[in-house]
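Below are my notes on the model you sent, as numbered points. Please read them with the structure open.

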2 protein chains.
Amino acid sequence: MDLSIGEVARRSGLSVHALRFYEREGLFANPVRRLSNGRRVYHEEDLEWLAICLRLRSSGMSVAMIRGYIDLVRAGTGNERERLELLRRHQDDVAAQIRDLQVTLEVMREKVRVYEEHVARGEADRLWNPSHPDGGRDSAEVIRVCEAASS
Amino acid sequence: MDLSIGEVARRSGLSVHALRFYEREGLFANPVRRLSNGRRVYHEEDLEWLAICLRLRSSGMSVAMIRGYIDLVRAGTGNERERLELLRRHQDDVAAQIRDLQVTLEVMREKVRVYEEHVARGEADRLWNPSHPDGGRDSAEVIRVCEAASS
DNA sequence: GTAGGTCCTAGAGTCCTGTCTAGATCAACT
DNA sequence: AGTTGATCTAGACAGGACTCTAGGACCTAC
């Protein structure tokens, strides 16, 4: 049931360096135990916590903020409202990120649509006229087309 | 119609430092023009492009990738397929980010729900017994509760 | 007993994205 | 004339999150 740092690295996707770094930064709730020879010993629950940790990180919570949360947990009972506050703030933050990305996704879809048309038109031009003259179509126009997609 | 760097900073939300930095990094499609005294002159279309730029940045496209795109644009017609490829990749990337954040949001909601219950229970305990004894409820349990929310 | 693989620590290095500083120029008020 | 405020350049500095290095220990297998 004991896991070595290499094992945890393999299963969590973090590097052993990152695991030691996270430990130094105080991101483990229960301090990592050691064998008599100094080697770290992890358990399944550490992997579970790491999975959450990675989710928090990938959703934009900084290492410092995660430590803030863990510090509260370590402080024991009595600060649950604070933890809840922190979690709620991050929840709101994630929701805001999603909204923003959805707008961006629409912008990207529109830009891609415009470019697809442009490329299709280019292909058509080429079919008609294999020497594909530039005919006044320059990069400035394309940029304008791109910008139009954002409005 | 001409805009100073300060004006653009104010309206774009970027700092003047960042604007000069973006220029050095080649993020402007049409090179920024100068007055005879060396000061930069911007126009509305620069602001429009900056708005897109900020969207690309905030959706995780690196400065280097944006430059890659702009380099294609500057190279003129003929590489539209490449640009389209690049835009599509980012579109997919944004879609993936949204999916991931939606999972995270669910996890957060669950954690918040569990904590709300926990806090409510704590309040109830306190009502029953104002000296709020710890009664075996320690931080380890809370962590386990948190982790449970992620499975 | 020695080669290979995993691990340890402390601390240096890297990459990205800005941000800030110093010293100079220029235009506009007072 | 002097002060203020915006701008310029080149380059130093910063912060976040790793990533890597050096030098050493330890275990296993051949």
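1. The two protein chains meet through 49 residues of chain B and 49 residues of chain A, two residues being in contact if their C-beta atoms, placed from the backbone, lie within 7 Å. On the chain B side, α3, α4, α5 and α6 (139-148) each supply at least two residues. The most comes from α5(B), with 27 residues. By class, this side of chain B has 20 nonpolar, 13 polar and 16 charged residues. Here Ala, Val, Leu, Ile, Met, Phe, Trp, Tyr, Cys and Pro count as nonpolar, Asp, Glu, Lys and Arg as charged, and the others, Gly among them, as polar.

2. On provenance: this is a predicted model, in which local features need pLDDT of at least 70, side-chain atom pairs count only at pLDDT 80 or more, and totals for chains, interfaces and linings use all residues. Residues are numbered from 1 along each chain as its sequence is written, while chains are lettered from A and ligands numbered from 1 in the order in which they are written.

3. On confidence (pLDDT, the predictor's confidence in each residue, from 0 to 100): chain A averages 87, and 85% of its residues score at least 70. Over residues 134-142 of chain A the pLDDT is below 50, and this stretch has eight contacts in the model beyond near neighbours in sequence. Residues 147-151 of chain A also have a pLDDT below 50, with 12 contacts beyond near neighbours in sequence. Where pLDDT is low, the predicted coordinates should not be read in detail.

4. Chain A has six helices and two strands, in the order α-α-β-β-α-α-α-α from the N terminus. Helices (H or I, at least four residues) and strands (E, at least two) are DSSP runs, numbered from the N terminus. Of the 151 residues in chain A, 20% are buried, that is, 20 or more other C-beta atoms lie within 10 Å of their own; exposed means 12 or fewer, and partly exposed lies in between, with C-beta atoms placed from the backbone. Among contacts in chain A between residues at least 6 apart in sequence, 58% join residues at least 24 apart.

5. How does helix α4 (residues 63-74) of chain B sit in its chain, and which of its residues are buried? They are Ile66(B), Tyr69(B) and Ile70(B). These cover an arc of only 95° around the axis, so they lie on the same side of α4(B); the arc is that of the directions from the helix axis to the C-beta atoms. They pack against α3 (44-58) and α5 (80-128) of chain B. On the other side of α4(B), Ala64(B) and Asp71(B) are exposed. After the helix comes Gly76(B), whose phi is positive, near 85°.

6. DNA strand C is surrounded by 17 residues, the closest being Ser4(A), Gly6(A), Arg40(A), Ser62(B) and Val63(B); a residue is near a strand if its C-beta atom, placed from the backbone, lies within 6 Å of it. The largest share of this surface, three residues, comes from α2(B). The residues divide into six nonpolar, seven polar and four charged.

7. DNA strand D is also surrounded by 17 residues, the closest being Ser62(A), Val63(A), Ser4(B), Gly6(B) and Arg40(B). Here α2(A) gives the most, with three residues.
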